[in-house]
Amino acid sequence: YLVGSLEFSPDGRRLAYLASADGRQVVVVDGEMQELEEVDGVIGSLTFSPDGRCLAYLAAASGQQVAVVDGTMEERYDDIQEGSLVFSPDSRRLAYVARVDNRQVVVVDGGVKELGEGDDVIGSLKFSPDGRRLAYLAASDGRHVVVVDGKMQKQHDEIQDRSLVFSADGQRLAYIAHETHSWGGEIDYVVVDGRKMKQGSHGYIKSLKF
């Protein structure tokens, strides 16, 4: 019987949902059951790729967690951040945040990209429009930093998570940062390609667009 998480693919042609069969939780895709003996249960929602061809979700497996893509299990991890699963706009790549030995890692295309000691991902993963680049917000030494293509940019007091935006060709990245001065003043500013733009005025910057 149906237990929830009805999801249509972006093109509306496919439907997936969670069901219970013989006391086990299964994923039903296009009317067919996708049951994995090693999976104990699904974590979070089902996620279709933008083109609707792939379906991915997180699952519990023998005390660990694993990403399942089109019925195939990827490598297991101690923990995978719920809601971090994201496809690239061209549907060719998949990324998510996992934990190994009490350290956070970013998994891209099945490979692990390690963060620095004590660093944590605190924002959503964002692919460039062409799917070639990946950026995300991390906490490092009590401050915020954007990681692009596995490399850390300059640290800032605070960075707005949802402000990260790539240019249409994927070559440029901009975001909004926030600075608190010793005299108590606060100011927002824009960072483009890792460099702080000349500050025009004090106040709150709402959004960016290339």
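**A short tour of an all-strand model**

Hi everyone, let's start with the overall make-up: this protein has 23 strands and zero helices. What you see is a predicted model, where local features need pLDDT of at least 70, side-chain atom pairs count only at pLDDT 80 or more, and totals for chains, interfaces and linings use all residues. Residues are numbered from 1 along each chain as its sequence is written, and side-chain values use heavy atoms, leaving out hydrogens and water.

Along the principal axes, the C-alpha atoms fill a box of roughly 65 × 40 × 25 Å. The protein has 210 residues, and 43% of them count as buried. Here, buried means under 20% relative accessible area, exposed means over 50%, and partly exposed is in between, with a 1.4 Å probe and protein chains only. Among contacts with a separation of 6 or more, 31% come from residues 24 or more positions apart, a contact being heavy atoms within 4.5 Å.

Now let's visit a sheet. In what order do the four strands of the open sheet stand? The order is β5-β6-β7-β8, with antiparallel pairing. Strands count as paired if DSSP finds at least two bridges between them. At the edges are β5 (41–48) and β8 (72–77); each has a single partner strand, so one side of each is left without a neighbour in the sheet. On average, neighbouring strands here are turned by 20° against each other, direction ignored; the axes behind such angles are lines fitted to C-alpha atoms. Looking at β5 and β6 (residues 55–61), we find five bridges joining them in the antiparallel sense, and F48 stands opposite L55 in β6.

Next, please find strand β17, residues 143–148. Is it mostly buried or exposed? Five of its six residues are buried, so β17 is largely enclosed by the rest of the structure. On one side of the story is β16 (residues 134–140), which is joined to β17 by six bridges and runs antiparallel to it. S140 has R143 in β17 as its bridge partner. These two strands make a hairpin with two residues between them, and D141 in the turn has a positive phi of about 55°.

Then comes β18 (residues 151–152), which pairs with β17 over two bridges, again in the antiparallel sense. V148 stands opposite K151 in β18. This hairpin also has two residues between the strands, and D149 takes a positive phi near 55°.

Let me finish with two loop residues. D70 lies in the loop between β7 (64–69) and β8. Its phi is near 50°, a positive value in a residue other than glycine. D70 counts as partly exposed, at 38% relative accessibility. And where is S91? S91 sits in the loop between β10 (86–87) and β11 (94–100). The phi of S91 is positive too, near 70°, while S91 itself is buried, with a relative accessible area of 10%.

Conventions: Axes fitted to C-alpha atoms, helices over the stretch in contact; angles between N-to-C directions.
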